[in-house]
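Subject: Structure handover

Hello,

Here is the structure I promised to pass on. Please open it alongside this email.

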Amino acid sequence: MYTEEPIFNVPNSQKGDHQPDKKWYKHWWGQLLIGFLVLFSVFSVAFGIYVAKVIYLLRSGEITASELFGGSAAEPDDQIVLTNLATDDDPSVGPKDAKVVVVEFSDFQCPYCAQVYPVVKELIKDYSDRVLFVFRDFPLTDIHPQAVLASLAGECANEQGKFWEMHDKIFENQDKINEDNLAAWSVQIGLNSLQFSSCMGAGKYLPEIEADLQEGLAFGVEATPTFFINGKPLRGAVSLATFESIILAELSR
């Protein structure tokens with residue numbers, strides 16, 4: 001005879017009141033995973049912004065690769081820098097015995113040099129009675145194919161005492177640099193066209209341009225524009241206010 005009572009006692013939790021499993025994100029480990037993903041996303045965005053900023057600063061010349069990775073070139077004595085950089089054979093404006101000397105290494109086809117050109121022009125207008133401004137060539141031929149041609153035009157114009165006029169013409173028409181336009185600009189600024197043409201054709205000042213480039217490299221120039229104010233480097237398309245604060249501080253020393 002069989003009894004009608006069950007042989008085994010079944011716990012109440014197994015008698016039809018079973019609760020479904022929690023969603024994964026409601027478990028402690030799911031919430032931990034979500035937190036980790038949020039932190040990772042925030043870090044990725046911040047890192048992306050940092051990388052973009054570093055790339056911009058490198059391209060603009062405001063920092064160099066050696067500075068970025070912790071290296072730093074030895075800073076030579078200011079007076080030695082001035083003696084070697086402020087050479088007499090480079091285009092300049094201002095008193096030779098000025099208390100403040102600004103040396104610019106520039107590339108006529110460099111967009112950042114064109115960006116800082118109005119600032120340099122304003123500085124020359126306002127401070128050339130007290131500050132010596134020196135221009136030196138640093139053509140980056142691998143990315144600016146017309147840079148040497150423009151540098152040569154500047155040097156040939158300087159031969160006739162018209163460097164700054166050619167300097168302004170080139171930067172104001174940077175996207176039109178070619179032999180024909182340089183010849184036309186030489187006439188517009190009042191150069192002897194035959195002398196200018198002969199100078200250009202002979203490549204007369206190519207050794208001078210190469211010397212500028214090599215000396216710039218020796219003093220740590222890696223990008224354009226790079227300035228030395230009383231021997232202290234200043235890189236990139238710097239604002240007028242920044243230039244003036246440094247120059248005025250040097251004048252007041």
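This is a predicted model: local features need pLDDT of at least 70, side-chain atom pairs count only at pLDDT 80 or more; totals for chains, interfaces and linings use all residues.

Residues are numbered from 1 along each chain as its sequence is written, and side-chain values use heavy atoms, leaving out hydrogens and water.

The sheet comes first. Five strands form an open sheet with mixed pairing, in the order β1-β3-β2-β4-β5. Helices (H or I, at least four residues) and strands (E, at least two) are DSSP runs, numbered from the N terminus. Two strands pair if DSSP finds at least two bridges between them. β1 (92-93) and β5 (232-235) are the edge strands, and each pairs on one side only. β2 and β4 (residues 226-229) run antiparallel, joined by four bridges. Phe 105 has Thr 226 in β4 as its bridge partner. Helix α4 packs on the sheet and touches β1, β2, β3 and β4. Contact here means heavy atoms within 4.5 Å. The direction of α4 makes about 150° with that of β3. For such angles, axes are lines fitted to C-alpha atoms, for helices over the stretch in contact, and the range is 0 to 180 degrees between N-to-C directions.

Next, the cavity. On a 1 Å grid over the protein atoms alone, a cavity is a set of points where a 1.4 Å probe fits but cannot get out; lining residues have an atom within 4 Å of a point. Points are joined across faces, edges and corners, and a volume is the space filled by probe spheres set on them. The count is one cavity of 30 Å³ or more. The largest cavity has a volume of about 60 Å³. β2 (100-106), α4 (111-127) and β3 (131-137) each give two or more residues to its lining. The largest share, three residues, comes from β3. The lining of the largest cavity includes Glu 104, Phe 133 and Trp 164. By class, this lining has eight nonpolar, no polar and one charged residues. Ala, Val, Leu, Ile, Met, Phe, Trp, Tyr, Cys and Pro count as nonpolar, Asp, Glu, Lys and Arg as charged, and the others, Gly among them, as polar.

Last, the loops. Pro 225 lies between α9 (206-218) and β4. A cis peptide bond joins Thr 224 to Pro 225, with omega about -5°. Asn 230 sits in the loop between β4 and β5. Phi of Asn 230 is near 50°, a positive value in a residue other than glycine.

Best wishes

Conventions:
On a 1 Å grid over the protein atoms alone, a cavity is a set of points where a 1.4 Å probe fits but cannot get out, and a pocket is an open set with protein on both sides within 12 Å along at least five of seven lines; lining residues have an atom within 4 Å of a point.
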